[in-house]
2 protein chains.
Amino acid sequence: MAQHNCIFCAIVAGAAPASVIHDDAATLAFLDINPVTPGHLLVIPKRHASTLANPDPADGARLFVVAMQAAAALRSSGLRCEGVNFFLADGEAAGQEVFHVHLHVFPRFAGDGFRIVEGGIAHPSRADLDAIASRLRAALP
Amino acid sequence: MAQHNCIFCAIVAGAAPASVIHDDAATLAFLDINPVTPGHLLVIPKRHASTLANPDPADGARLFVVAMQAAAALRSSGLRCEGVNFFLADGEAAGQEVFHVHLHVFPRFAGDGFRIVEGGIAHPSRADLDAIASRLRAALP
């Protein structure tokens, strides 16, 4: 199941170091070594899945439940945490760097320096949105 | 169950317009009216939950599964989509604006103008990370 040369598979196997906060049959949660803010975590499926096209839906569902628990832990830990973001990058164009699915969970606080810059697209009309929705409904698995 | 003056509860009730792509017993997915990129979706639990402290874990799990399906639809829809991001803001300090839990799912492509700016914190030592992990393990629900 483990993927050769995958750093997250190595962490799951205990062959690479990690500061683990949660470990169950399907899921591991550990601290990011390049944190946005102190307490920044990654939640991963133990089974290797390079992108979102791969994981079992049950593994995906479990990621979110563990991330919710991690968010609650961040809020009650005493670490600076006035809010929490979840972020996932699927594919290189989305900023994915490690090709083993991972959900980022990180604390936010006033003045933490994190911000999002958007390209800025024209405000779509309802007709535009309905046309896109129609294409997406047809494309749903 | 619906929250007075909650725009997402109004959408769930059919009392406010939305361009819906998925509708099941627990979950609704519809297009964001202020998209980062064309195809930007929000996936919400139908039951009102203002923040992540509130939803049933099963509702949270279902959000992620629907978001995975939405990501697959974005990739096969013909819309410009070279990657996908998931983003969730929990709390005002994290950028939450509508206080009904919602998971953003949006397509990414080269030159889309979206980027993240980080505050930049000192690279933590393994001892620093282990100390934080210890606090978080103790704080897990």
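Author: Happy to. Across the interface of chain A and chain B, two salt bridges are found, a salt bridge being a side-chain nitrogen of Lys or Arg within 4 Å of a carboxyl oxygen of Asp or Glu. In one salt bridge, the side chain of Asp90(A) meets that of Arg75(B), at 3.2 Å from N to O.

A word on the basis: this is a predicted model, where local features need pLDDT of at least 70 and side-chain atom pairs count only at pLDDT 80 or more, while totals for chains, interfaces and linings use all residues. Residues are numbered from 1 along each chain as its sequence is written, chains are lettered from A and ligands numbered from 1 in the order in which they are written, and side-chain values use heavy atoms, with hydrogens and water left out.

Polar contacts also cross the interface of chain A and chain B: 26 residue pairs, both residues at pLDDT 80 or more. Such a contact is a pair of N or O atoms within 3.5 Å; within protein, one must be able to donate a hydrogen and the other to accept it, and residues adjacent in sequence count only if both atoms are side-chain atoms.

Now for the whole interface. Contact, meaning heavy atoms within 4.5 Å, joins 73 residues of chain A with 73 residues of chain B. The area buried between the two chains is about 6200 Å², with 67% of it from carbon and sulfur atoms; buried area is the accessible area (1.4 Å probe) that two parts lose on being put together, summed over both. On the chain A side, Phe64(A), Met68(A) and Leu136(A) lose the most area to chain B, together 10% of what that side buries.

Finally, the symmetry. Chain A is superposed on chain B by a rotation of 180° with 0.0 Å of shift along its axis (RMSD 0.0 Å), fitted by least squares on the C-alpha atoms of residues with pLDDT of at least 70 in both. The two copies are therefore related as by a two-fold rotation axis. Both copies use the same surface, as 100% of the contact residues of chain A recur in chain B.
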